[in-house]
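Please keep the sequence to hand.

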Amino acid sequence: MSSPTDPRHGPDLRRPAVVLAIALPVLLALVVAGLGIAARAGAFDAPAPAPETGPLALAPVDAPDASSPACANLLAALPADLPGDPAFPARPLAEPGQPGARAWAAAPRPVVLRCGLPRPQELTPTSTLTDVNGVSWLTIGDGTPQPTLVTYVAVDRQVYVALTTPTAVGTGPVQAVSDAIARTLPRTDIAVR
């Protein structure tokens, strides 16, 4: 009769060194597989950068109606925070401030509203418009294959209103601004060329 350590019967699996030699590679393979699955699921993505909240310097733009009563009424009706996850708080404008403008803190870029702009050149008889809460918007991308910013221009009111948002913030800001526009600016015919 042979003993349990007889080389003809193979190693003794009850020995700790043998058990460790077999279990360690299996455990390592499971850990590597788990890390791969977690990485694909986005568990290791870097947290989104916090939005800047300091005064925002806006470049001057042609906005002939920015100081109009219509724009003043709209600016007074805008919410302090725009909906998002988390909400986008109002961001102050750097001096000298731009008339007819408001901003909200968002990442990677702020949400910016400008009121009183001239008629957008992109508005043509064949333009596709999107209705959001009773306001007709012309959507203008930033001209890149994968846009990071989108500008919505309200085209059915007595003044043109542009809202520029990062694409990642969703539709909450344009919905909230649409509600303010619908409450304060009467609908007009859309002027197309």
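The sections below go from the overall fold to single residues.

## Overall fold

The model is predicted. Its chain has three helices and eight strands. Along the sequence, the order is α-α-β-β-β-β-β-β-β-β-α.

How much of the chain is buried? Of the 193 residues, 33% are buried. The exposed surface comes to about 11700 Å². Carbon and sulfur atoms supply 61% of that surface.

## The disulfide

The whole structure holds one disulfide. It links C71 and C115, with 2.0 Å between the sulfur atoms. The link is left-handed, at -85° about the S-S bond. C71 sits in helix α2 (residues 69–77) and C115 in strand β4, so the pair ties together parts that are 44 residues apart in sequence.

Are the two cysteines buried or exposed? C71 has a relative accessible area of 0%, so it is buried. C115 has 1%, so it is buried too. The cut-off for buried is under 20% relative accessible area.

The largest nonpolar core has 29 residues. Within it, L113, W137, V161 and I181 have the most contacts. Several elements each supply at least two residues of this core: α2, β4, β6 (135–141), β7, β8 (160–166) and α3. A second, separate core has seven residues, among them L117, L138, Y160 and A162.

What does L113 touch, beyond residues up to four places away in sequence? Its partners are L75, L78, G100, A101, R102, W104, V161, A162, L163 and V177. One of them, V161, is also among the core residues with the most contacts. Another, A162, belongs to the second core.

## Helix α3

Helix α3 covers residues 172–184, which is 13 residues. From first C-alpha to last, α3 reaches 19 Å. That is close to the 18 Å expected at 1.5 Å a residue.

Which residues of α3 are buried? They are G172, P173, V174, A176, V177, S178, A180 and I181. V177 is in contact with L113. I181 is one of the residues with the most contacts inside the largest core.

## L117 and Y160

L117 lies in strand β4 (residues 111–117). Its relative accessibility is 17%, so L117 counts as buried. Beyond neighbours within four places in sequence, L117 is in contact with V61, D62, A63, P64, Y160 and A162. L117 and V161 are 44 residues apart along the chain, yet their C-alpha atoms are separated by 6.5 Å.

Y160 is in strand β8. It is buried because its relative accessible area is 13%, and the cut-off is under 20%. Leaving out residues up to four places away, Y160 touches R114, C115, G116, L117, P118, R119, P120, L123, V153, A154, V155 and A191. The list includes C115, a partner in the disulfide. It also includes R119, which is 41 residues from Y160 in sequence and 6.6 Å away, C-alpha to C-alpha.

## T151 and its polar contact

T151 is in strand β7 (residues 149–154). Its side chain makes a polar contact of 2.9 Å with the side chain of T164. Beyond neighbours within four places in sequence, T151 is in contact with L138, T139, I140, A162, L163 and T164. Of these, L138 and A162 are included in the second core.

## Backbone points in the loops

Where do the cis peptide bonds lie? One joins E95 and P96, with omega about -5°. P96 is in the loop between β2 (88–91) and β3 (101–104). Another joins A107 and P108, with omega about 5°. P108 is in the loop between β3 and β4.

N133 is in the loop between β5 (129–132) and β6. Its phi is near 50°, a positive value in a residue other than glycine. With a relative accessible area of 42%, N133 is partly exposed.

Notes. Residues are numbered from 1 along each chain as its sequence is written. This is a predicted model: local features need pLDDT of at least 70, side-chain atom pairs count only at pLDDT 80 or more; totals for chains, interfaces and linings use all residues. Side-chain values use heavy atoms; hydrogens and water are left out. Helices (H or I, at least four residues) and strands (E, at least two) are DSSP runs, numbered from the N terminus. A polar contact is a pair of N or O atoms within 3.5 Å; within protein, one must be able to donate a hydrogen and the other to accept it, and residues adjacent in sequence count only if both atoms are side-chain atoms. Contact means heavy atoms within 4.5 Å. Buried means under 20% relative accessible area, exposed over 50%, partly exposed in between (1.4 Å probe, protein chains only). Accessible areas come from the Shrake-Rupley method with a 1.4 Å probe; for residues, only the protein chains shown count as cover. A disulfide is a pair of cysteine sulfur atoms within 2.5 Å. The expected span of a helix is 1.5 Å times one less than its number of residues. A nonpolar core is a set of buried Ala, Val, Leu, Ile, Met, Phe, Trp, Tyr and Cys residues joined through side-chain atoms within 4.5 Å.
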